[in-house]
Amino acid sequence: MIEATGNDVTVSRSTRQAARAPLARNLRHLRLFLEVARSHSLTVASSRCHVSQPAVTQAIGKLETQAEGVLFTRTSHGFYSTERGEALVRRVERVFAMLDPALADISPRLIATATISQLEALIAVCESENFTLAAKRLGLAQPTVHRAVAQLEHEATRPLFERTSFGVVAGRACLALARAAHLAFYELQQASAELAELEGRDEGTVVIGSLPLARSVLLPRALVRFRAERPSMRVTVHDGLYDVFLSGLRRGEIDFMIGALRDPPPINDVVQEALFDDRLVIVARLDHPLARLRAVGIEDLVDYPWIVPRPGTPSRAQFDALFAQSGPSTSPHVMEAGSILLMREMLRQSDHLGCVSGQQAQAEIANGLLARIDATVRWPARAIGLTMRSEWQPTGAQRRLIDIVREEASRLEPL
């Protein structure tokens, strides 16, 4: 199943929430599992975690039921992780590597006491800045959410939120914990997907943040190939704004972004991978007065109104730079739009000129919908590619889709 959304206000969390696995519900069980995997002993694990041996046995049994398979081989020499167990160990280690420092920064006690439900409430309150809205978001009663946060604050021995007349505002450490919890939950979803892959099943969702330059050619081709290989794998493609996607990427709400890269990279916890270079082109309706001319100069271009990308995008920066070099008298009248469909229909019904990616324009030109203006302007090349979290560990399905994207990018015709 492939879903596409046009929400450029926020990245939806519903897909991720729906995919959350049952094994994500008990942090204590996951800590016990990790101790058994490291020590190969129920006795040692029970001693280190200060619980009874039967409690460890019960926790492992529940996890194996939830994971739908054996996690340990029991021998006379101890407990040794199976292939399934090793896959879960790798993910659980990442969970606590993200979560524990943020918990300890507030209070070391929280490492032992914080629960998934409490952390979910914390995230919802951080993002909603209101207990009632957070409760609606989680589908819970407001007192339940308030109590969960109060329990965290009791263990922390200090408030995590500042109560104001406008709502509640999270402090620095609280926001860091919410982000760490986001990523920890993401790792548990990744774990569920990997366990399913070991059984030959597709589970979970590949979530993509698609920027304009990838939507017309590259991503459709890649998704068609991926669907042929993995017909039951769910894919969600979000159509929106770079800054929104960047926030969602850093929280684990989307897996990767595809589109124009930023120079320099926006922040040090993401990495960029260039796939191909693109250049801007000028397009107009087929019978536009400039469509019949050769070597159209900037003095001709300024006489017409334009439809251009939004401010803050690499495309808009190049457009503004072109006319800025020619002086204020050449400043054109512009309308800002991010939709190629809107641009196409406005161009076809008016004398507007459009500034758009060459790769985006290829399909419009090839299908006889728009004409490329033969301008003397030579736009600089822009790198188009993937943006991912620097510490991201993709599942097999996610890795395969990215490989297909790379292969399809290598086949694009240069402009």
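**Salt bridges, burial and overall layout**

At a relative accessibility of 0%, Glu187 counts as buried, where buried means under 20% relative accessible area, exposed means over 50%, and partly exposed is in between, with a 1.4 Å probe and protein chains only. The structure is a predicted model, in which local features need a pLDDT of at least 70 and side-chain atom pairs count only at pLDDT 80 or more, whereas totals for chains, interfaces and linings use all residues. Residues are numbered from 1 along each chain as its sequence is written, and side-chain values use heavy atoms, with hydrogens and water left out.

The side chain of Glu187 meets that of Arg91 in a salt bridge, at 2.7 Å from N to O; a salt bridge is a side-chain nitrogen of Lys or Arg within 4 Å of a carboxyl oxygen of Asp or Glu. This pair links distant parts of the chain, since Arg91 belongs to helix 5 (residues 83–106) and Glu187 to helix 10 (residues 172–198), 96 residues apart. Helices (H or I, at least four residues) and strands (E, at least two) are DSSP runs, numbered from the N terminus. Arg91 is likewise buried, at 3% relative accessibility. In general, side chains of opposite charge can pair when their charged atoms come close.

A salt bridge also forms between the side chains of Glu155 and Arg109, at 2.5 Å from N to O. Here Glu155 in helix 9 (residues 142–156) is linked with Arg109 in helix 6 (residues 109–113), 46 residues apart, and Glu155 counts as buried at 17% relative accessibility. A further salt bridge, at 2.9 Å from N to O, pairs Asp269 with Arg250. Asp269 lies in the loop between strand 8 (256–260) and strand 9 (270–278) and Arg250 in helix 13 (residues 242–251), so that the pair ties together parts 19 residues apart in sequence. Asp269 is buried, with a relative accessible area of 16%, whereas Arg250 is partly exposed, at 23%. Salt bridges that share partners join Arg225, Glu229, Arg400, Glu407, Glu408 and Arg411 into one network, and the count of salt bridges comes to 33.

Disulfides, defined as pairs of cysteine sulfur atoms within 2.5 Å, number 0 in a search of the whole structure. The sulfur of Cys126 has its closest cysteine sulfur in Cys174, but the separation of 3.6 Å is too far for a bond. Cys126 is buried, with a relative accessible area of 11%, while Cys49 is partly exposed, at 26%.

For the chain as a whole, the secondary structure comes to 18 helices and 15 strands, and the C-alpha atoms fill a box of roughly 85 × 55 × 35 Å along the principal axes. Of the 415 residues in the chain, 52% are buried. The accessible surface comes to about 19,000 Å², of which 52% belongs to carbon and sulfur atoms; these areas come from the Shrake-Rupley method with a 1.4 Å probe, and for residues only the protein chains shown count as cover. Among contacts (heavy atoms within 4.5 Å) between residues at least 6 apart in sequence, 76% join residues at least 24 apart.

With neighbours within four places in sequence left aside, Leu42 is in contact with Val36, Gln53, Val56, Thr57 and Phe79.
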